[in-house]
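Please look over the structure shown here.

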Amino acid sequence: MTVRLLALLWAVGLTGVAGCIHPRADVPYVQTPHEVVAQMLRLAGVGRNDVVYDLGSGDGRLVIAAARDFGARGVGVEIDPRLVAQSVESARRAGVGDRVTFREQDLFQTDLADATVVTLYLSPALNLRLRPKLLRELRAGARIVSHDFDMGDWPPARALRIDVRERASQVYLWVVPKS
Ligand SMILES: C[S@@+](CC[C@H](N)C(=O)[O-])C[C@H]1O[C@@H](n2cnc3c(N)ncnc32)[C@H](O)[C@@H]1O
């Protein structure tokens, strides 16, 4: 079975919606519902002093909501240039073009040092691959929020179930400890 087929099954199995996948992407594009986006940002306690990174930012909705609704600054990191262009245009229309940036970049090549909040909607395996990088690069007290996927044996500080139109989403929060 190819990686691409597995990725597509991930999307179909977990969301009921087949996402499209860029050739260099590790997981397909599937959107977080707007209601879940708001709950993720609330769970992380996002505010004006935060810099929110969405790793695999899709159409930019998490970063745009963080800036528009919570006053934060944001950085979206996305491998698919089409989605990056769409995000830039949506941010401009939402009036937050000066508070957010979108980078066409592999999330594993992204320096996370200035992030205070990281949001994720990836896969269980990708979260586990990313975990050492998050713990190495983020400062103590930074918050990580993940839609649907946990971090293996790193227990979340909080977990929420959110029901939106007959689909149940899980949202997890971790706080980076002092090393
Ligand atoms: C499930 S979607 C989530 C989109 C958005 N964060 C949301 O929650 O609505 C995952 C996104 O990650 C992107 N992606 C996959 N692998 C990536 C990588 N290695 N670096 C950057 N982006 C990646 C995909 O193109 C896709 O847009």
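Is Glu166 buried or exposed, going by its C-beta neighbours inside 10 Å? Glu166 counts as exposed, because it has 6 C-beta neighbours inside 10 Å. Keep in mind that this is a predicted model.

Glu166 lies in the loop between strand 6 and strand 7 (167-175). Glu166 is not a glycine, yet its phi is positive. Asp148 is not a glycine either, and its phi is also positive. Asp148 sits in the loop between strand 5 (143-147) and strand 6. Asp148 counts as buried, because it has 20 C-beta neighbours inside 10 Å. The table sets out the phi values.

| Residue | Phi |
|---|---|
| Asp148 | about 75 degrees |
| Glu166 | about 65 degrees |

Seven strands form an open sheet with mixed pairing, in the order 3-2-1-4-5-7-6. Strand 3 (100-104) and strand 6 (158-164) are the edge strands, and each pairs on one side only. From one strand to the next, the twist averages 20 degrees. Strands 2 and 3 pair in the parallel sense, over five bridges. There, Gly74 stands opposite Val100 in strand 3. Helix 3 packs on the sheet and touches strand 1 (51-55), strand 2, strand 3 and strand 4 (117-120). The direction of helix 3 makes about 175 degrees with that of strand 2.

Last, the ligand. Around it are 23 residues, of which Ala25, Thr32, Gly56, Gly58 and Tyr121 come nearest. By class, this shell has 10 nonpolar, seven polar and six charged residues. Helix 3 (61-70) and strand 2 (73-78) each supply at least two residues of the shell.

How values were computed: Residues numbered from 1 in each chain as written. Predicted model: local features only at pLDDT ≥ 70, side-chain atom pairs only at ≥ 80, totals over all residues. Near = placed C-beta within 6 Å. Helix = DSSP H or I, 4+ residues; strand = E, 2+ residues; numbered from the N terminus. Nonpolar A, V, L, I, M, F, W, Y, C, P; charged D, E, K, R; others polar. Pairing = 2+ DSSP bridges. Axes fitted to C-alpha atoms, helices over the stretch in contact; angles between N-to-C directions. Contact = placed C-beta atoms within 7 Å. Buried ≥ 20, exposed ≤ 12 C-beta atoms within 10 Å, placed from the backbone.
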